[in-house]
Structure formats: structure tokens, C-alpha cells
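Keep the 3D view open as you read.

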Amino acid sequence: MRLMQSEEEREMESSSDCGSIVELGFQDRSKKVVVVVGYALTSKKIKSFLQPKFEGLARNKGIFFVPIDQTRPLSDQGPFDIVLHKLSGKEWQQILEDYRLTHPEVTVLDPPDAIQHVHNRQSMLQDVADLDFSDAYGTVGVPKQLVIEKDPSSISNAVKKAGLTLPLVAKPLVAKSHELSLAFDEYSLEKLEPPLVLQEFVNHGGVLFKVYIVGDAIKVVRRFSLPDVSKRELSRSVGVFRFPRVSSAAQSADDADLDPCIGELPPRALLERLARELRRRLGLHLFNLDMIREHGTKNRFYVIDINYFPGYGKMPEYEHIFTDFLLNLAKSKYKKRSASIP
């Protein structure tokens, strides 16, 4: 973050060869906070996230997005106040880790090692389980689950040994794919393809809650999900049913005429405390939770998935929420840096 220079300073910078704020179009502004965000995103993420309305609002607030050139050393680019990224690969992770060490004044969203933690579904939900979350507003846990590394023929015995109850949701162990399968009988389990995570399916009225977290801000939306499975249906169903990205592909349930017992949002106080604890444990600013309420209960919730840097373009009011977050983050860093100067 930086304040606009005086007229003399701007003239000096405009005549220099090095990169400056003036080059980004700040000539007509004075004493305004400027935040430069370098971004390294996939083309798909750029299209969904950096929408014209969002970029326009950001510019009006003094936030400028600058693409990072992956063919050049990161330290030669900028200067940046924030680096926003969602790329995969060990080489990129190492570049970011080295950059964080040599540029402590820059906020990297988010630390690569913290992101890796939620890319693995074995470790992803462990922090939720460790919380053993329960307060006056409800309880939050995770479905009983089992990791299968290899050998599909051993799945049935492993499920029995772990005491898991059918039907079971099967998800890839590495959270790069959002596809899932629902296995109804033990003989179908060997048709699954490890490595994967098996979760007990919890009836939840066919509705899940996507809890978007952007720093301290929380936004919740409803999405239609897999329908409940009755005991009668379970006894009559066999095989493995495969589904695409259920929560993102499904239509919004926010305007649907839902039974209040199913559609009522989780208590705000519960979500705020849960988000605060997970931000601290995960070390992340940008993520969302897929939550469900066990059908027939009022306050028993489960987190079934955690996603880093999700599709914020689908989050209502994301433009204002995200720009406020970036400004507050930069200002907080600036104040800390200023306070440390004698």
C-alpha cells in the first residue's frame, strides 16, 4: 500500500525508466491509498473472478490488479502489496516460498503449504474434527470417513473394519476433482478407483450451505445437493452412481420454497466462531466450507468439504466484500510496518 506522491514526486517518477504508480494511471489522483495486487491465476479463474464490474469497483477504491509474468523472476516484478494466486505445481510453490522469505512486506494469499493442507482430503477435514465444535448454537463435525490408498478389492473389508455404514460417498483423495460417487452396496465398492476418501452419507434434506470466507467476512448461500436416501431405497439400490460437481453445478436454493427445518441457515454466531477457528488453524484467508444439517435435527451440522479460493464470482456482493478485504489487509500491513519504524 502507498499514498499518492506530490506533483513534484510524480514528475520525477514519470521521467524515470523504472516502473511506477504513474504508469498505472494515477496521474490525476493525489494522496489516495493505492494497493497493487499481483495475480497468478488460471485463465478460467481470471474470467470468473476478475469480472469487469469487480475490476471497475477495485480501481475506484485504489486497487489495481497486475498480471504476474511466469516467464520472469517474481522478484523482478512489482512492487506488489499483495500477491493473489491459485496455480498448482511444486515449482510455483517453491517460487512463492522463496518470494515470501525475501519480500516479507508483501502479503501472499495464501501460503502454499497451507493450501496444500486442504488439497488433500485426508488432512482437509482433520482441523474440523479436532475442534470438537459444540456451543449453544449447535455442533459441527465431519462424517465418519476412511482413506483408501490402493487395491479396490480390499475396500469392502476395510469399510467393515472401520465400521462405516452404507451408502458411502467416494471422493478423489486429492481435491483437484470435484466429482463424487455414491456406493449403495458392499459388492460395488471394488468398482471404485483409489486413491480416494469414503465418507458416510448423511441425509440432509437435499440442501447444502456454501459458506464463503474472505478474511473476517462470511457469506452463506444455499445449493441443492444429493437427495436423502431412505432405508427402503438403500435396500433396493445397488451399484455406484457417479455425479459431477454437485454443489456448483446445482441451481441455487436461495429462492426455493423450502421446509424451514431444511432451508434455515446455520446460526450466524456459530458460523463466525467456526470461521475464526478455522482461519487460525488452516492459516488461510480465502476458502469456503460445504456444510450440511443432518435431516431431522435443528443444530447438528457437518463440514463435508473445504475449498481454497473458491468461485467467488458466484458469491453475492463479492465485489464489495473482496475489495474491502484487500484494502483492510493492505492498511493493516502498512500500520504494522509504520509502527515498527523508530
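Where is Gly311 found? Gly311 sits in the loop between β16 (300–308) and α13 (318–340); helices (H or I, at least four residues) and strands (E, at least two) are DSSP runs, numbered from the N terminus. Before going further, bear in mind that this is a predicted model, where local features need pLDDT of at least 70 and side-chain atom pairs count only at pLDDT 80 or more, while totals for chains, interfaces and linings use all residues. Residues are numbered from 1 along each chain as its sequence is written, and side-chain values use heavy atoms, with hydrogens and water left out.

Gly311 is one of the positions under the UniProt annotation "binding site", from an unreviewed entry, along with Lys45, Lys86, His178, Lys210 and Asn307. UniProt positions are in the numbering used here, feature names are shortened, and annotations may be inferred rather than shown by experiment. Leaving aside neighbours within four places in sequence, Gly311 is in contact (heavy atoms within 4.5 Å) with Lys45 and Tyr212. Gly311 is partly exposed, at 29% relative accessible area, whereas Lys45 is buried, at 10%. The cut-offs are under 20% for buried and over 50% for exposed, with partly exposed in between (1.4 Å probe, protein chains only).

Now for Lys45 itself, which belongs to helix α2 (residues 43–49). With neighbours within four places in sequence again set aside, Lys45 touches Leu50, Lys86, Phe309, Pro310 and Gly311.

On to the sheet. Six strands form an open sheet in the order β6-β7-β16-β15-β12-β13, with mixed pairing; two strands pair if DSSP finds at least two bridges between them. β6 (133–135) and β13 (217–224) are at the edges with a single partner strand each, so one side of each lacks a neighbour in the sheet. On average, neighbouring strands here are turned by 25 degrees against each other, direction ignored. Inside the sheet, β12 (residues 207–214) and β15 (residues 286–293) run antiparallel and are joined by six bridges. Val211, for instance, has Leu289 in β15 as its bridge partner.

Helix α12 (residues 268–282) packs on this sheet, touching β6, β7 (138–141), β12, β13, β15 and β16, and its direction makes about 135 degrees with that of β15. Axes are lines fitted to C-alpha atoms, for helices over the stretch in contact, and angles run from 0 to 180 degrees between N-to-C directions.
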